[in-house]
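Keep the structure open while you read.

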Amino acid sequence: MSDELDSELELTAPLVPLFVIAQGRALPRESEYEHTTIITAQDGAVAAARTLAPEARTVLDLIADGFLSVAEVAAHTRLPLGIVRILLAQMAEDGLIHVRNPVPHAERHDPVLLTAVLDGLMRIRTGA
Amino acid sequence: MTQDVLLWCLVAIAVTAVAAVVALVLRSRALGRRKRESEAALEARLRYAQGELDRAQAALTTLRDEQDGVIREAEQAAEENTKSVLKGAARFLQSLAAEQTTLLDGVQREYGGHAVLSDLMDITHANAQMARKAQGIAVMCGAPLGRRNQPASVYDVVRSAQSQIRNFQRVEIMQPSGIALKASAVAPVALAVAELLDNAASFSQADAPIEVTFRQAQKNLCIVIDDAGVGMGDEDRQRASALLSGEGLPRLSQLGTQPKFGFPVIGLIARQHGFTVDVTGVSRYGGVRAVVLLPEELWTMEETLPPATEAPVSTIRPMETGRSARTAGGLPKRGSRISPTGVTTGGEQAPRRSARRGTGSLAALQRGTQSARDTASFDIPTPGGSENA
């Protein structure tokens, strides 16, 4: 089979490309599954995971008995963050995981309004 | 008196008649002899002419044979020339596509946390299809297939095949338990299955699923591909079987302007690597059932070789003491755990990992980030953006 003139080409890329692992799904919205979003497996999810792809099963095994952040899951599985987010979105859809979103950043409020409210409160206290 | 005269007359007539008869007989004999003579002469000439004709015919046949031979040789030479020209080009494309696949994987892992990942995955998909075509043309021209030097689970080999067709989402793969293909079989089986999947996808409706299942029959492993397409007629089936046997390959010039070299390619690589492919079956949806039959030399039970992605998980699992503390809200409490750290062993394949005990998940994350920073190489997947976490 091998030709003496040309050496065999060695294929070095991973056998299964990432888009197959993601099963062609789109990335979830930016606000979903952020780095610090905490996830954990639902009760009984591991038993129901027989039909999952190996990567999703790995994720489920990682979070089976505790919490991990999305970033941590990505680090452990050595999968790109985007792929992990896609897998998590699918698993959440299938009811396999709990998702706890990070506390949102305090929204910016108008300092004038805040001062006015504070003044009002003070007035109530002093008036009482 | 008159009686005498009459008698004489009669005698004279009789004599004349006898003489005439004798003369006639003599003449006809002479004629017969002459006829025989001329016939013999004619026959001799005919034989001679026949001989001449035979000689001429023989000469013509040899001439025609020679001509056929020359034409065949010329065609063969043209085929060889075409093949060698095309082979060079195909090998170039083949290696470029392989290089691009590796590069794209690196880029995807580097920018994995970015929205650009979607587009990168689309590009990788297009590239995977191009790589398959390049491999096919190379094989048709007698070039060797790209080689993989790591065994892989048969599930991953089929997923690799799945990645090489357009509507890959239609492929549904049953998960087999613990079967791996030997390294030498990974690339050829992936290409053969990819061509079969492409065929199944092309000849069935755009939304119909394509099912892949696995079966062990005696010492053979069967990869069964069922489509819900239109099926094949007897004539098509016979032609397909002939092509898949790897014998009587069509010439490149016979492939036509929209070349279909799926079956010839499968036939060639199946024969080269010692497996067989059959498409004469009918799927349970009435379409085609394609069966790739792998003899025991090409596969093993997977227990002997842990798959790269799953190995560390089993070593992480034994955590804590089994009691899962839950909060009032039913959510499990976060506890200390034995964390894996990714340590790549330098292979360019899917990174193999070994578990190392860490003090906590954060330490593992830090080490992971650090190791990725230290090794400025794309084959170590860094979850993109994890540095910002």
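A residue is called buried under 20% relative accessible area, exposed over 50%, and partly exposed in between. Bear in mind that this is a predicted model.

With that cut-off, Arg47(B) counts as exposed because its relative accessibility is 55%. Its salt-bridge partner is Glu43(B), which is partly exposed at 47%.

Elsewhere, salt bridges with shared partners tie Glu55(A), Asp156(B) and Arg159(B) into one network. The count over all chains comes to 14 salt bridges.

| Salt bridge | Closest N to O |
|---|---|
| Arg47(B) – Glu43(B) | 3.8 Å |
| Arg237(B) – Asp234(B) | 3.8 Å |

Now for a couple of covered helices. In chain A, α4 (residues 81–93) has 13 residues and spans 18 Å from first to last C-alpha, close to the 18 Å expected. Ten of those 13 are buried, including Arg85(A) and Gln90(A). What do the buried residues of α4(A) pack against? They meet α1, β1, α2, α3 and β3 of chain A, together with α2 of chain B. Gly95(A), with a positive phi near 70°, follows the helix.

In chain B, α6 (residues 262–273) has twelve residues and reaches 16 Å, close to the 16 Å expected. Ten of its twelve residues are buried, among them Phe263(B), Pro264(B) and His273(B). Those buried residues pack against α2, α4, α5 and β6 of chain B. Just after α6(B) comes Gly274(B), with a positive phi of about 75°.

The largest nonpolar core has 93 residues, and Leu60(A), Ile63(A), Ile223(B) and Leu294(B) touch the most other members. α4(B) gives the most to this core, with twelve residues. Leu294(B) has contacts that include Leu181(B), Val189(B), Phe275(B) and Trp299(B).

Last, look at the outside of chain A. Leu113(A), Val117(A), Leu118(A), Leu121(A), Met122(A) and Ile124(A) make up a nonpolar surface patch, with about 600 Å² of accessible area together. Leu113(A) belongs to helix α5 (residues 111–127) of that chain.

Methods: Residues are numbered from 1 along each chain as its sequence is written. Chains are lettered from A and ligands numbered from 1 in the order in which they are written. This is a predicted model: local features need pLDDT of at least 70, side-chain atom pairs count only at pLDDT 80 or more; totals for chains, interfaces and linings use all residues. Side-chain values use heavy atoms; hydrogens and water are left out. Patches are made of residues with over 30% relative accessible area and no salt bridge: like charges are joined within 9 Å, nonpolar side chains (Val, Leu, Ile, Met, Phe, Trp, Tyr) within 5 Å. Accessible areas come from the Shrake-Rupley method with a 1.4 Å probe; for residues, only the protein chains shown count as cover. A salt bridge is a side-chain nitrogen of Lys or Arg within 4 Å of a carboxyl oxygen of Asp or Glu. Helices (H or I, at least four residues) and strands (E, at least two) are DSSP runs, numbered from the N terminus. The expected span of a helix is 1.5 Å times one less than its number of residues. Buried means under 20% relative accessible area, exposed over 50%, partly exposed in between (1.4 Å probe, protein chains only). Contact means heavy atoms within 4.5 Å. A nonpolar core is a set of buried Ala, Val, Leu, Ile, Met, Phe, Trp, Tyr and Cys residues joined through side-chain atoms within 4.5 Å. Lists of a residue's contacts leave out its neighbours within four places in sequence.
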